[in-house]
Amino acid sequence: MMKRLVSLLLAVVMLLGMLPVTAIAAQDPVNPFKDVNEGDWYYDAVLYVYSHGLFNGMSEDTFDPYGTMTRGMFVTVLGRMAGVDPEDYRGDTGFADVAQHQWYAPYVKWAASVGVTNGTGPNEFSPNMTINRQQLATFFVRFFELFGVDYDTGVSVADLPLDFSAVASWAEDAVLKMWSRGLLCEDGVNFDPNGPAYRATAANLCMMAGLGTEPDA
């Protein structure tokens, strides 16, 4: 009897050893962040972007959901969503203020090459500039449409935000597309185009877009 039990145990151990790690790993991602709790509106989104390698925390145990992001940080997130291999975009970035050795440089070069961004001025990208809500809208709409991401939420908002006149001309189309779909319109009245784009908000839109999006061509 004992021999049979030992044989059975060995068989189970061997079987587990043959399974891929992902098959025996916990399905639910572990939450390492003390500032992200169940019940928070961004809880699922934060765990999604963290577990899929899109976002890092601001420290080992903090995510800083209401913190902001720089332009360099954000195009890196978009590049990771698109599955960009940084090695494919080494070398001159085309921007005087983005040195080749910077960790975000390949993603800046990628974003410019596919039309996600045109920079902030002649030969400038402003990688350390904090993105605001109208920039977030513009980045995401370009990404969604470039990669064929369906961002129709089923919501239809006909009225313009009351502060639409404050939206920059280059961002009007993207803001309208996001607003009319019920995205980035927290209070339902104002868009707050120059307000901060929070990390939690960006994470939520990333989760909606999904991972592994591939270009149509």
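K177 and D173 sit together in helix α7, four residues apart, which is about one turn of the helix. Their side chains meet in a salt bridge, with N and O 3.2 Å apart. Keep in mind that you're looking at a predicted model.

How exposed is D173? D173 has a relative accessible area of 47%, so it counts as partly exposed. K177 is partly exposed as well, with a relative accessible area of 21%. That's just past the line, because buried means under 20%.

## K177 reaches another helix

K177 also forms a salt bridge with E145, and here the closest N and O atoms are 2.8 Å apart. This pair links distant parts of the chain: K177 is in helix α7 (residues 172–180), E145 is in helix α6 (residues 133–146), and the two are 32 residues apart. E145 counts as partly exposed, at 43% relative accessibility.

Which residue does D61 pair with? D61 forms a salt bridge with K34, and their closest N and O atoms are 3.7 Å apart. Again, distant parts of the chain are linked: D61 lies in the loop between α3 (43–51) and α4 (71–81), while K34 lies in the loop between α2 (21–24) and α3, 27 residues apart.

D61 is partly exposed at 31% relative accessibility. K34 has 60% relative accessibility, and it counts as exposed because the cut-off is over 50%.

Terms used:
Residues are numbered from 1 along each chain as its sequence is written. This is a predicted model: local features need pLDDT of at least 70, side-chain atom pairs count only at pLDDT 80 or more; totals for chains, interfaces and linings use all residues. Side-chain values use heavy atoms; hydrogens and water are left out. A salt bridge is a side-chain nitrogen of Lys or Arg within 4 Å of a carboxyl oxygen of Asp or Glu. Buried means under 20% relative accessible area, exposed over 50%, partly exposed in between (1.4 Å probe, protein chains only).
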